[in-house]
Amino acid sequence: MRKSFSPLDNVLIERLFQPALDSITDLSGVGRATAACFCADMASLSWIVSRSRGLSDAVTAWDASNAFVGFVLLLLGLTALTGLRTLFRRAGGSHSNPLRLSMQPHRAIVLLMLVARLVQLRTFALAEVADLAMLMFAASALYLGACGERPPVRRGRLAFATGHAR
(Lines give C-alpha, C1' and ligand atoms only; values in the text may rest on other atoms or scores of the structure.)
Protein backbone atom coordinates (compact mmCIF):
# COMPACT_ATOMS: atom_id res chain seq x y z
CA MET A 1 0.00 0.00 0.00
CA ARG A 2 2.78 2.42 0.87
CA LYS A 3 4.39 2.14 -2.57
CA SER A 4 1.18 2.93 -4.41
CA PHE A 5 0.00 5.70 -2.05
CA SER A 6 3.35 7.39 -1.38
CA PRO A 7 3.56 9.39 -4.64
CA LEU A 8 0.08 10.89 -4.13
CA ASP A 9 0.79 11.50 -0.46
CA ASN A 10 4.07 13.27 -1.22
CA VAL A 11 2.47 15.45 -3.89
CA LEU A 12 -0.31 16.49 -1.52
CA ILE A 13 2.19 17.35 1.22
CA GLU A 14 4.81 19.09 -0.91
CA ARG A 15 2.62 20.84 -3.48
CA LEU A 16 -0.54 21.67 -1.54
CA PHE A 17 -0.23 21.56 2.23
CA GLN A 18 3.40 22.66 2.75
CA PRO A 19 2.96 25.83 0.63
CA ALA A 20 -0.36 26.51 2.38
CA LEU A 21 1.28 26.10 5.78
CA ASP A 22 4.19 28.34 4.74
CA SER A 23 1.71 31.03 3.68
CA ILE A 24 -0.23 30.69 6.94
CA THR A 25 3.01 30.94 8.90
CA ASP A 26 4.11 34.02 6.95
CA LEU A 27 0.76 35.77 7.39
CA SER A 28 -0.07 34.90 10.97
CA GLY A 29 2.95 33.30 12.59
CA VAL A 30 0.97 30.13 13.29
CA GLY A 31 3.12 27.00 13.22
CA ARG A 32 2.48 23.47 12.04
CA ALA A 33 1.20 22.11 15.35
CA THR A 34 -1.20 24.99 15.91
CA ALA A 35 -2.63 24.79 12.37
CA ALA A 36 -3.07 21.01 12.64
CA CYS A 37 -4.71 21.36 16.07
CA PHE A 38 -7.09 23.99 14.71
CA CYS A 39 -8.16 21.61 11.93
CA ALA A 40 -8.60 18.80 14.50
CA ASP A 41 -10.77 21.13 16.59
CA MET A 42 -12.89 22.03 13.57
CA ALA A 43 -13.21 18.31 12.77
CA SER A 44 -14.44 17.75 16.34
CA LEU A 45 -17.06 20.48 16.02
CA SER A 46 -18.17 19.07 12.67
CA TRP A 47 -18.40 15.59 14.20
CA ILE A 48 -20.66 16.91 16.97
CA VAL A 49 -22.92 18.63 14.42
CA SER A 50 -23.06 15.54 12.18
CA ARG A 51 -24.12 13.29 15.07
CA SER A 52 -26.44 15.69 16.90
CA ARG A 53 -29.54 15.19 14.74
CA GLY A 54 -29.56 11.40 14.98
CA LEU A 55 -28.80 11.49 18.68
CA SER A 56 -31.52 14.04 19.42
CA ASP A 57 -34.06 12.09 17.34
CA ALA A 58 -33.26 8.92 19.30
CA VAL A 59 -33.60 10.75 22.63
CA THR A 60 -36.92 12.41 21.73
CA ALA A 61 -38.30 9.08 20.49
CA TRP A 62 -37.24 7.41 23.76
CA ASP A 63 -35.18 4.91 21.78
CA ALA A 64 -32.60 4.00 24.42
CA SER A 65 -30.52 1.60 22.32
CA ASN A 66 -30.06 4.01 19.39
CA ALA A 67 -29.43 6.90 21.79
CA PHE A 68 -26.76 4.87 23.58
CA VAL A 69 -25.09 3.80 20.34
CA GLY A 70 -25.20 7.37 19.02
CA PHE A 71 -23.71 8.72 22.23
CA VAL A 72 -20.93 6.09 22.22
CA LEU A 73 -20.10 6.89 18.58
CA LEU A 74 -20.00 10.59 19.38
CA LEU A 75 -17.64 10.03 22.31
CA LEU A 76 -15.48 7.59 20.35
CA GLY A 77 -15.01 10.07 17.51
CA LEU A 78 -14.25 12.93 19.90
CA THR A 79 -11.75 10.76 21.76
CA ALA A 80 -9.97 9.89 18.53
CA LEU A 81 -9.82 13.52 17.41
CA THR A 82 -8.63 14.66 20.85
CA GLY A 83 -5.89 12.02 20.76
CA LEU A 84 -4.85 13.27 17.34
CA ARG A 85 -4.71 16.83 18.66
CA THR A 86 -2.53 15.70 21.57
CA LEU A 87 -0.19 13.92 19.17
CA PHE A 88 0.24 17.10 17.12
CA ARG A 89 1.06 19.08 20.26
CA ARG A 90 3.66 16.56 21.42
CA ALA A 91 5.37 16.37 18.03
CA GLY A 92 5.35 20.16 17.85
CA GLY A 93 8.87 21.53 17.63
CA SER A 94 11.04 19.12 15.68
CA HIS A 95 12.33 19.93 12.22
CA SER A 96 12.46 16.31 11.05
CA ASN A 97 8.82 15.37 11.36
CA PRO A 98 8.21 11.78 12.51
CA LEU A 99 4.51 12.07 11.64
CA ARG A 100 5.13 12.23 7.90
CA LEU A 101 5.88 8.52 7.56
CA SER A 102 4.12 7.12 10.62
CA MET A 103 0.75 8.74 9.85
CA GLN A 104 0.72 7.77 6.17
CA PRO A 105 -1.79 4.89 6.65
CA HIS A 106 -4.08 7.25 8.57
CA ARG A 107 -3.98 9.79 5.75
CA ALA A 108 -4.76 7.05 3.21
CA ILE A 109 -7.77 5.86 5.19
CA VAL A 110 -9.15 9.36 5.70
CA LEU A 111 -8.76 10.15 1.99
CA LEU A 112 -10.57 6.92 1.08
CA MET A 113 -13.35 7.77 3.55
CA LEU A 114 -13.57 11.28 2.08
CA VAL A 115 -13.89 9.96 -1.47
CA ALA A 116 -16.47 7.37 -0.38
CA ARG A 117 -18.47 10.08 1.41
CA LEU A 118 -18.39 12.30 -1.66
CA VAL A 119 -19.69 9.44 -3.81
CA GLN A 120 -22.49 8.72 -1.31
CA LEU A 121 -23.55 12.36 -0.98
CA ARG A 122 -27.11 12.58 -2.27
CA THR A 123 -28.61 15.54 -0.44
CA PHE A 124 -27.10 18.52 1.26
CA ALA A 125 -28.62 17.91 4.68
CA LEU A 126 -26.81 19.41 7.65
CA ALA A 127 -25.66 16.06 9.03
CA GLU A 128 -24.20 14.94 5.69
CA VAL A 129 -22.43 18.24 5.05
CA ALA A 130 -21.07 18.26 8.61
CA ASP A 131 -19.83 14.69 8.18
CA LEU A 132 -18.08 15.70 4.96
CA ALA A 133 -16.60 18.77 6.70
CA MET A 134 -15.34 16.55 9.51
CA LEU A 135 -13.51 14.33 7.04
CA MET A 136 -12.07 17.32 5.19
CA PHE A 137 -10.82 18.92 8.41
CA ALA A 138 -9.43 15.60 9.65
CA ALA A 139 -7.55 15.10 6.38
CA SER A 140 -6.26 18.67 6.55
CA ALA A 141 -5.12 18.13 10.15
CA LEU A 142 -3.27 14.95 9.20
CA TYR A 143 -1.59 16.60 6.23
CA LEU A 144 -0.69 19.81 8.06
CA GLY A 145 0.69 17.70 10.90
CA ALA A 146 2.91 15.88 8.39
CA CYS A 147 4.44 19.06 6.99
CA GLY A 148 7.87 20.26 8.04
CA GLU A 149 8.54 23.29 10.16
CA ARG A 150 10.21 26.22 8.49
CA PRO A 151 13.87 26.57 9.38
CA PRO A 152 14.52 29.22 12.01
CA VAL A 153 15.37 32.70 10.80
CA ARG A 154 19.02 33.48 11.45
CA ARG A 155 19.79 36.89 12.79
CA GLY A 156 23.14 38.54 13.31
CA ARG A 157 26.33 39.22 11.35
CA LEU A 158 26.87 35.64 10.21
CA ALA A 159 23.40 35.47 8.71
CA PHE A 160 24.04 38.47 6.50
CA ALA A 161 27.37 37.03 5.36
CA THR A 162 25.81 33.70 4.36
CA GLY A 163 22.63 35.19 2.86
CA HIS A 164 20.16 33.51 5.26
CA ALA A 165 18.58 36.66 6.67
CA ARG A 166 15.13 37.82 5.69
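**Helices, surface and cysteines**

Modeller: F68 is found in helix α3 (residues 64-90); helices are DSSP runs of H or I with at least four residues, numbered from the N terminus. This is a predicted model, in which local features need pLDDT of at least 70, side-chain atom pairs count only at pLDDT 80 or more, and totals for chains, interfaces and linings use all residues. Residues are numbered from 1 along each chain as its sequence is written, and side-chain values use heavy atoms, without hydrogens and water.

Biologist: Is F68 buried or exposed?

Modeller: Buried means under 20% relative accessible area, exposed over 50%, and partly exposed in between, with a 1.4 Å probe and protein chains only. The relative accessibility of F68 is 56%, so F68 counts as exposed.

Biologist: What is the distance between the end C-alpha atoms of helix α5 (residues 104-120)?

Modeller: The expected span is 1.5 Å times one less than the number of residues. For the 17 residues of α5 this gives 24 Å. The end C-alpha atoms agree with that value, being apart by 24 Å.

Biologist: Which residue has its backbone oxygen 3.1 Å from a polar atom of the R32 side chain?

Modeller: R32 lies in helix α2 (residues 32-60) and counts as buried because its relative accessibility is 1%. The residue that supplies the backbone oxygen is C147.

Biologist: Which cysteine sulfur is nearest to that of C37?

Modeller: A disulfide is a pair of cysteine sulfur atoms within 2.5 Å, and by this rule the count is zero. C37 is in no disulfide, and the nearest cysteine sulfur, 9.5 Å away, is that of C39.

Note on methods:
Helices (H or I, at least four residues) and strands (E, at least two) are DSSP runs, numbered from the N terminus. A polar contact is a pair of N or O atoms within 3.5 Å; within protein, one must be able to donate a hydrogen and the other to accept it, and residues adjacent in sequence count only if both atoms are side-chain atoms.
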